[in-house]
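Colleague: I'm new to reading structures, so please take me through this one a question at a time.

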Amino acid sequence: MERETQFIGQSATFQDAVERASQAAVLDRPVLVIGERGTGKELIAERLHRLSTRWDKPYLIMNCAAMPETLIESELFGHEAGAFTGATRSRAGRFEEADGGTLFLDELATMSMGAQERLLRAVEYGEVTRVGSSRPIRVDVRIVAATNEHLPALVEENKFRADLLDRLSFEVITLPPLRAREGDIEVLADYFGQRMAAVLDWEAWPGFGPRALAAMEGHDWPGNVRELRNVIERAIYRWGDPSRPVDALSFDPFASPWQPARRTPAPRTTDTPTEQAANGEASAPPASGPVSDLRAAVDSYERQILSDTMARCRFNQKVAAEALGLSYDQIRHALKKHGLN
């Protein structure tokens with residue numbers, strides 16, 4: 001119980017995913033781990049490394065979403081001194097640091113197309129080139145990548161490289177959400193409950209009451225195991241009575257009768273054409289519909305444009321003429337025609 005990276009669960013769907021990871025671990029090939037947030041993707045990645053022949057070599061983790069697009073290539077592949085502003089000395093990237101071991105790329109789908117192209121070359125040929133250098137460096141790194149996105153759909157949307165997906169998807173391990181792991185909610189809750197009771201120095205673990213167990217089974221768990229752990233630990237420390245089974249859960253830590261009201265955008269009022277022009281907004285075209293007199297409709301629209309433009313230009317005829325692409329004489333004639341002088 002000392003380790004934070006244990007696999008807790010007895011459902012067949014979960015055990016199948018863990019078994020697939022165990023089988024793939026011994027093969028020196030890339031692996032994609034897919035799953036919702038909180039399903040244990042990082043635990044599977046670590047299992048793939050610990051059960052491989054690289055278990056005694058470096059295991060590095062990089063969260064692609066946490067790196068700005070301008071720095072992710074430098075972080076992955078390193079850079080030479082002077083390669084960009086602030087690069088005062090050369091630095092090895094994650095690939096060089098993980099040489100001989102495993103590199104876990106979390107949130108893979110957030111990687112830019114440029115970084116994907118360089119990652120493809122590193123996976124395909126085992127070579128990386130530091131930013132600001134033209135000399136390739138040979139590396140021996142196993143790639144394990146994780147995402148909660150549907151990568152084939154991103155390929156269709158031209159947001160992810162198809163050739164990189166082909167190269168990384170030797171094996172794809174899809175982790176089931178907690179709501180699909182039959183029987184595992186109570187097992188995990190009891191595990192987290194015992195750990196929290198020990199932290200709080202309770203003499204014994206009283207377990208959960210019937211209301212708490214029913215609430216657990218009825219919840220959808222969008223945050224999966226991570227959410228379950230938070231809910232259980234919060235419930236135990238709030239319970240405060242080690243002699244009775246814990247029988248109250250709080251799924252929403254923000255729930256309070258005094259919580260700030262949700263902000264809603266103010267309704268937009270419809271300004272008159274003159275007010276729109278004064279605010280710098282373009283004149284709206286006339287509403288569509290049947291027109292019985294074309295000349296009258298055109299004249300009305302022309303008058304509206306002139307009125308709006310004059311208001312926007314603070315009734316300066318010369319400025320309004322320039323805004324409409326007219327000469328000074330033309331706009332004076334138009335204003336006189338519509339009675340806007």
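This is a predicted model: local features need pLDDT of at least 70, side-chain atom pairs count only at pLDDT 80 or more; totals for chains, interfaces and linings use all residues.

Colleague: Where does Trp-221 lie, and what is its phi?

Modeller: Helices are DSSP runs of H or I with at least four residues, strands are runs of E with at least two, and both are numbered from the N terminus. Trp-221 sits in the loop between α9 and α10. Most residues other than glycine have a negative phi. Trp-221 is not a glycine, yet its phi is positive, at about 55°.

Colleague: How many aromatic pairs does the whole structure have?

Modeller: Rings of Phe, Tyr and Trp (its six-membered ring) pair if their centres lie within 6.5 Å; planes under 30 degrees apart are stacked, over 60 edge-to-face, and the rest tilted. Searching the whole structure this way gives a number of aromatic pairs: five.

Colleague: What kind of pair do Phe-77 and Phe-95 make?

Modeller: A pair of aromatic rings is described by the distance of the centres and the angle of the planes. For Phe-77 and Phe-95, the centres are 5.6 Å apart and the planes are at 10°, so the pair is stacked.

Colleague: How many residues apart in sequence are the parts that this pair ties together?

Modeller: Phe-77 belongs to helix α3, while Phe-95 belongs to helix α4 (residues 94-97). The pair therefore ties together parts whose separation in sequence is 18 residues.

Colleague: What about Trp-221 and Phe-251: what kind of pair are they?

Modeller: Their ring centres are 5.5 Å apart, and their planes make an angle of 65°. So the pair of Trp-221 and Phe-251 is edge-to-face.

Colleague: How exposed is Phe-251, the partner of Trp-221?

Modeller: Phe-251 is in the loop between α10 and α11 (273-278). Its relative accessible area is 26%, so Phe-251 is partly exposed.

Colleague: Let's go back to helix α3. Which residues does Ser-74 contact, leaving aside its neighbours within four places in sequence?

Modeller: Ser-74 is part of helix α3 (residues 69-77), and it is buried at 8% relative accessible area. Contact means heavy atoms within 4.5 Å. With those neighbours left aside, Ser-74 is in contact with His-79, Phe-84, Arg-91, Gly-93 and Val-131.

Colleague: Over which residue's face does Arg-181 lie?

Modeller: A charge sits over a ring if NZ of Lys or CZ of Arg is within 6 Å of the ring centre and within 35 degrees of the ring normal. Arg-181, at 3.7 Å from the ring centre, lies over the face of Phe-14.

Colleague: For contrast, where is Arg-314, and is it buried or exposed?

Modeller: Arg-314 is found in the loop between α12 (294-312) and α13 (317-324). Its C-alpha atom is separated by 49 Å from that of Ala-66, 248 residues apart along the chain. At 75% relative accessibility, Arg-314 is exposed.

Methods:
Residues are numbered from 1 along each chain as its sequence is written. Side-chain values use heavy atoms; hydrogens and water are left out. Buried means under 20% relative accessible area, exposed over 50%, partly exposed in between (1.4 Å probe, protein chains only).
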